[in-house]
Amino acid sequence: MRGPGRWLPPITVPATPATEPAPPDAPSGRGLLLVAAYAERWGCEVRDAYMKTVWAEVGRPA
C-alpha cells in the first residue's frame, strides 16, 4: 500500500516465533528488530500456524 509520504510493504514469511534475541554472530533473526527500529508503525498478522504477514509504515525521504 502507498500513501502520501508513506510506504506500507506487506511481507509474508514463515511464522517462526523468536523466544529470545538472536546471538550477535547469528546470520538471521533480526528482521522484526530492524522493522521496529526504522518504522513509524508496524504490525504482524498471523495467517496460520506456519505463515505471518508483517507490514511497516516508513516515511519516505523528501
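The model is a predicted one, where local features need pLDDT of at least 70, side-chain atom pairs count only at pLDDT 80 or more, and totals for chains, interfaces and linings use all residues. Residues are numbered from 1 along each chain as its sequence is written, and side-chain values use heavy atoms, with hydrogens and water left out.

The protein chain has 1 helix and 5 strands (DSSP runs numbered from the N terminus: H or I of at least four residues for helices, E of at least two for strands). Along the sequence, the pattern reads β-β-β-α-β-β.

As for the surface, the protein chain exposes about 5,100 Å², with 63% of it coming from carbon and sulfur atoms (Shrake-Rupley method, 1.4 Å probe; for residues, only the protein chains shown count as cover). Of its 62 residues, 16% count as buried, meaning under 20% relative accessible area, with exposed over 50% and partly exposed in between (1.4 Å probe, protein chains only).

There are 2 salt bridges in the structure, each a side-chain nitrogen of Lys or Arg within 4 Å of a carboxyl oxygen of Asp or Glu. One joins the side chains of Arg-41 and Glu-57, at 3.1 Å from N to O. Arg-41 sits in strand 4 (residues 41–46) and Glu-57 in strand 5 (residues 51–59), so this pair ties together parts 16 residues apart in sequence. Arg-41 is partly exposed at 47% relative accessibility, while Glu-57, at 12%, is buried. Another salt bridge brings together Arg-47 and Glu-45, at 3.4 Å from N to O; here Glu-45 is partly exposed, at 39% relative accessibility.
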